[in-house]
Amino acid sequence: MKCRICSNPQGVSTSFGDMPIANGFLAEKDFQKEYFFKMETLFCDVCKTYQLIEQPDPEMMFHENYAFFSSTSKNMAVHFKEMADGYMQDFIPNKGNAFVVELGSNDGIMLKYFAQEGIKHLGIEPSSNVAEVARQHGVNTISEFFGAETAQAVEAEYGKADIISASNVMCHIPDLNSVGQGVDALLKETGIFVFEDPYLGSMISKTSYDQIYDEHVYIFSVLSVQNIFAPHGLELFHVEPQVTHGGSMRYYLCRKGTRAVRDSVKTQVQKEKDLGLDKVETYEKFTQSCEKSKKDFVTLLTKIKAEGKRVVGYAATSKSTTVLNYCNVGPDLIEYICDTTPLKQGKYSPGMHIPIKPYEDFKNDNPDYAVLFAWNHAEEIFAKEKGFLAQGGKWILFIPKVSVFETEDKLKNAI
Ligand code: TYD
């Protein structure tokens, strides 16, 4: 067991047991041939990177049936509009000559604003079904994995980029060395490389272990990002915490020495040290917190079932796959999970095989409890689910600790 970044063999590992593909929603006929891998994480004590030890082949996760469409969340649409506006305002004063590249551009949720302004852009998105949706929105997109080779081909055809952006993508890519080389090949001398991903500090503070699943090969911190990209001549010059995905961090990098390093970097590094993100003991404690969360979740669901009450799941997120499989919770404890994604409806949850039903079924049903798997979208969900609480329904949350909520405010404060 070695660190993927620095090859150091020492650190803390945590096992979450056998896991299926997080977005691998499946039909009953496919239960027998379902794929599982051993989900185990490592915190490397040298480069401070938190990572998955084993990861399924990328082709098993990102393909023509990829079930995650960024634009299903209204708040995410607003978030990416703000990101595009920020780029245009702060980093490409000369829009006419600019070239913006997005890695893992999904259905074009961010790049479409550049397309609308007539700014040269390119999306590099390996899942061909979501890439096709982007093209339909007028977003220039190729279906490729990003690495040194793709970067060279893109540079030869389009020239160098002012901005290389990636949201919830870098944490998916095992070979960050190849990404570093690719960025080096594609970025203008004055260009910036910006990415955002779920933040390790948030995961540790909230015991939100559901951020760990096959696609998330890394959960980054400021300390680890500095160490990962320094060998490629890239320097972290700014960071901005984000509320998305239950707590994310946006990292701004440039070629070393081309921009002043802002105070935000120093401040966040200190916060990470205060939180102990650089120490093995923190991850040993995290392992214990995950075990406690698992025990509490199963105890609560079992008690509710013994009382003859009904529990359903709200939103069949990738994150829910980790929770359900780690806690070994199946349809005997959670009747069904409702979800707005047509591709998931009528199928079963990966591993535990809980039926996925259309959102309307939840609306017309009156379950006693609903587990909020999309806790990161609480605001958006509560705005449309006032009726659930009004009719006596209760929310169950497992972040930061397993709890039942009868009012919206208490739940929002808990997150
Ligand atoms: P997200 O937390 O972005 O998922 P992931 O853990 O996979 O990154 O949530 C997206 C999923 O939640 C998607 O399957 C759609 C579903 N969802 C609903 O069903 N209703 C909602 O109101 C929202 C916001 C999401």
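This is a predicted model: local features need pLDDT of at least 70, side-chain atom pairs count only at pLDDT 80 or more; totals for chains, interfaces and linings use all residues.
Q: How far is a polar side-chain atom of K384 from an oxygen atom of the ligand?
A: The backbone of T340 has a polar atom 3.0 Å from an oxygen atom of the ligand. T341 uses a polar side-chain atom, which lies 3.2 Å from an oxygen atom of the ligand. For the polar side-chain atom of K384, the distance to an oxygen atom of the ligand is 2.6 Å.

Q: Which strands stand at the edges of the open sheet of 4 strands?
A: The order in this sheet is β1-β2-β3-β9, and the pairing is antiparallel. An edge strand has a single partner, so one of its sides is left without a neighbour in the sheet. That applies to β1 (11-20) and β9 (218-219).

Q: Which residue of β2 stands opposite P20?
A: Strand β2 covers residues 36-44 and runs antiparallel to β1, with 8 bridges joining the two. Opposite P20, the residue in β2 is F36.

Q: What angle does the direction of helix α11 make with that of β1?
A: Helix α10 (residues 280-306) packs on this sheet and touches β1, β2 and β3 (50-52), with its direction at about 30° to that of β1. Helix α11 (residues 318-327) also packs on the sheet, where it touches β1 and β2. The direction of α11 makes an angle with that of β1 of about 90°.

Q: Which strands stand at the edges of the open sheet of 7 strands?
A: The pairing in this sheet is mixed, and the order is β6-β5-β4-β7-β8-β11-β10. The strands at its two ends each have a single partner strand, so one side of each lacks a neighbour in the sheet. They are β6 (141-142) and β10 (234-242).

Q: Which residue in β11 stands opposite F193?
A: Strand β8 (residues 187-198) pairs with strand β11 (residues 248-255) in the antiparallel sense, over 7 bridges. Within β11, the residue opposite F193 is L253.

Q: At what angle to β5 does helix α5 run?
A: Helix α5 consists of residues 148-158. It lies across β4 (99-103), β5 (120-124) and β6. Its angle to β5 is about 155°.

Q: How many nonpolar, polar and charged residues are in the contact of α8 with α9?
A: Helix α8 (residues 222-229) packs against helix α9 (residues 263-275) at an angle of about 120°, and their axes are 9 Å apart. From α8 the contact takes V222, L223 and Q226, and from α9 it takes V265, Q268, V269, E272 and K273. Sorted by class, these are 4 nonpolar, 2 polar and 2 charged.

Q: What is the phi of T207?
A: Most residues other than glycine have a negative phi. T207 lies in the loop between α7 (200-206) and β9. T207 is not a glycine, yet its phi is positive, at about 50°.

Q: Is the peptide bond from I399 to P400 cis or trans?
A: Most peptide bonds are trans. P400 is in the loop between β16 (394-397) and β17 (403-405). The bond from I399 to P400 has an omega near -10° and is cis.

Note on methods. Residues are numbered from 1 along each chain as its sequence is written. Side-chain values use heavy atoms; hydrogens and water are left out. Two strands pair if DSSP finds at least two bridges between them. Contact means heavy atoms within 4.5 Å. Axes are lines fitted to C-alpha atoms, for helices over the stretch in contact, and angles run from 0 to 180 degrees between N-to-C directions. A polar contact is a pair of N or O atoms within 3.5 Å; within protein, one must be able to donate a hydrogen and the other to accept it, and residues adjacent in sequence count only if both atoms are side-chain atoms. Ala, Val, Leu, Ile, Met, Phe, Trp, Tyr, Cys and Pro count as nonpolar, Asp, Glu, Lys and Arg as charged, and the others, Gly among them, as polar.
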